[in-house]
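Thanks, everyone. Let me put the structure up, and then we'll talk about aromatic rings.

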Amino acid sequence: MKGLGAIYLQQFRTTLASQLQYRAMLFIWLIGQVLEPLVYLVVWSAVSRSTGGSVGDFSSGEFAAYFIVMMLINHSTFTWIMWEQEYRIRQGTFSFALLKPVHPIHSDIADNISYKLITFPAMLLVALALSLAFRPQIHFAPWAFIAFFPALGLAFLMRFLLEWTISLTAFWTTRVSAINQIYYVLLLFFSGQVAPLSLLPGPIRTLASALPFRWMVSFPIELLLGRLTPSQALVGLGAQVAWLAACFILLKMMWRAGVRVYSAVGA
Amino acid sequence: MASTASPVIHLRDLRKTYLVSERESGARAALKSLLHRRTQEVPAVAGISFDVAPGEVVGFLGPNGAGKTTTLKMLSGLLHPSEGDVAVLGHTPWKREKSFLRKITLVMGQRNQLVWDIPAADSFELNRAIYRIPNDVYRQSLDDLTDLLDLGPLLRKPVRNLSLGERMKCEIAAALLHRPQVVFLDEPTIGLDVSMQRRIRSFITDYNRRYGATVLLTSHYMADVEALCKRVLVIHHGKLLFDGELARLVQRFTRHKTIVVQLQDCSSDLRAYGDVIECEDGRVTLRVPRAETARVTERLLADLPLIDLSVEDPPIEEIIEQVFAQEVL
């Protein structure tokens, strides 16, 4: 464990140094991260005003809270590994990762967390500015606030393992972008990024709870906004743990099979 | 080559066959291949065997596509062999056990592992963490490498600002910080200018001497092999054509020697002495059968008013070319 700690710490330094080389790029990325939830926020605020102040169980202040928190949580949990891995495998730089005496996922997790730590203060400032403009409404519950942090951690790990696993399809196919596209459409819809899941028809809500996406983004938001009962929160945390275990097993299987293919064909 | 110490690298009848899908050009063929994919087996390494003793520096020669890189990849654990036995330091490479990976390194001249945007020194630190190199060993390694490769001024510059040669030096240093006992070098001098090539070569010799590391290298540049390797392996079409000392390779494959004589002008007819390859400003290049060399030289000295005479082996490139052309031993 001590060895892994040193790798994470060093990767943090490396990522920090690399990212600071491209401050303008960093800024443009952040704008992208902010714009998408902002568009949904504006649309849903307009819709709720035109229907007398609320849609379903969401008032316009609650919409504002939902999308501002969503922006922060999506930022905390997103990865870019699905593009990165394809590049590495095509370019053959993946070979170097394979020859290191440590699993490559560790540098990727450390790299991701480092990037988030660097950019999070800026996101927080944006969230503050949006709060002043849109006046969010939050039903604060101390127990939910405490439960939110493990939920966020699990959401991060779940999403990371799932997307890392999917990124391994680059071992088999050169058409990774098509797979990524399908994944992102599913994620956008079923994780509650386009609209809060509680506004969707019953069967779709059920489907969303059966799929992993809700637990990667929507669940921590619902929890923080005080929209869940303690028992619902417990079920959610349980679902996250179960999905995390499933992702872990899937990753191990895909990794073993993928490396076998890679080492059969070479790159 | 026979050696008393147990070998560091051991290969027996090692084979690697790639399955390559093939189809003819054209839309019809594309449609057909959707339903029925035809594959062809391409043998990249077709049964090679050799041992390398601890501390040896061995050169791997062969034209493009001969199977050199495939062999290095099987030895370092990147590729799974199709058949045969392979062991490096007693490990099975493709299992890529951590204890194995800590003892080897692979440098690929055409690929980079250093992080592009930051100074090499920062990438070195990352490798220190990954390989769990103790502080004192790391310091010593870094000092040695900085000294041997003259890295001092380069370490603090972002890698993207380095020249190709400077970058290669840093790549090599990054790959050797953990003091691997076995070093695989795939075209380490490719694209570098002559003085940088020389620099890398003398470094490899120094590193081998200082740490007793076993080195297996491939190169297109004969000068690399001549300078570094007493022993060479010649591989072509996935088969080992020659395994032995470089000098023996020259003896074995050269049936001729070149005699160069300097005369006043090109007016004398020297065809009686051997094949006249060229004559320029009285400098005549003759090719004579190896066994005849002494006799012809004697006659030339007796018969003609020579200003100068020298006997040479043909350039090693030419010999290798001959080996590949004949493909026989």
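Counting over all chains of this predicted model, we get 29 aromatic pairs. Take one of them: Phe140(A) with Phe145(A). The centres are 5.5 Å apart, and the planes make an angle of 50°. That pair is tilted. Stacked would need planes under 30 degrees apart, and edge-to-face over 60.

Is Phe140(A) buried or exposed? Phe140(A) is exposed, because its relative accessibility is 55% and the cut-off for exposed is over 50%.

Next pair: Phe190(A) and Phe213(A). This one is stacked. Centre to centre we have 6.5 Å, with 25° between the planes. Which parts of chain A does the pair tie together? Phe190(A) belongs to helix 8, residues 176-190, and Phe213(A) to helix 10, residues 213-216. The pair therefore ties together parts 23 residues apart in sequence. Phe190(A) and Phe213(A) are both buried.

Now a cluster. Six names to find on the screen: Tyr40(A), Trp44(A), Phe58(A), Phe63(A), Tyr66(A) and Phe67(A). Ring pairs link them.

Stay with Phe58(A) for a moment. What sits over its ring? The charged end of Arg227(A) does, 3.6 Å from the ring centre. So Phe58(A) is in the ring cluster and also has a charge over its ring, within the 6 Å cut-off.

Over to chain B. There, Arg128(B) places its charged end over the ring of Tyr138(B). The distance to the ring centre is 4.6 Å.

That's my tour. Questions, please.

Key. Residues are numbered from 1 along each chain as its sequence is written. Chains are lettered from A and ligands numbered from 1 in the order in which they are written. This is a predicted model: local features need pLDDT of at least 70, side-chain atom pairs count only at pLDDT 80 or more; totals for chains, interfaces and linings use all residues. Side-chain values use heavy atoms; hydrogens and water are left out. Buried means under 20% relative accessible area, exposed over 50%, partly exposed in between (1.4 Å probe, protein chains only). Helices (H or I, at least four residues) and strands (E, at least two) are DSSP runs, numbered from the N terminus. A charge sits over a ring if NZ of Lys or CZ of Arg is within 6 Å of the ring centre and within 35 degrees of the ring normal.
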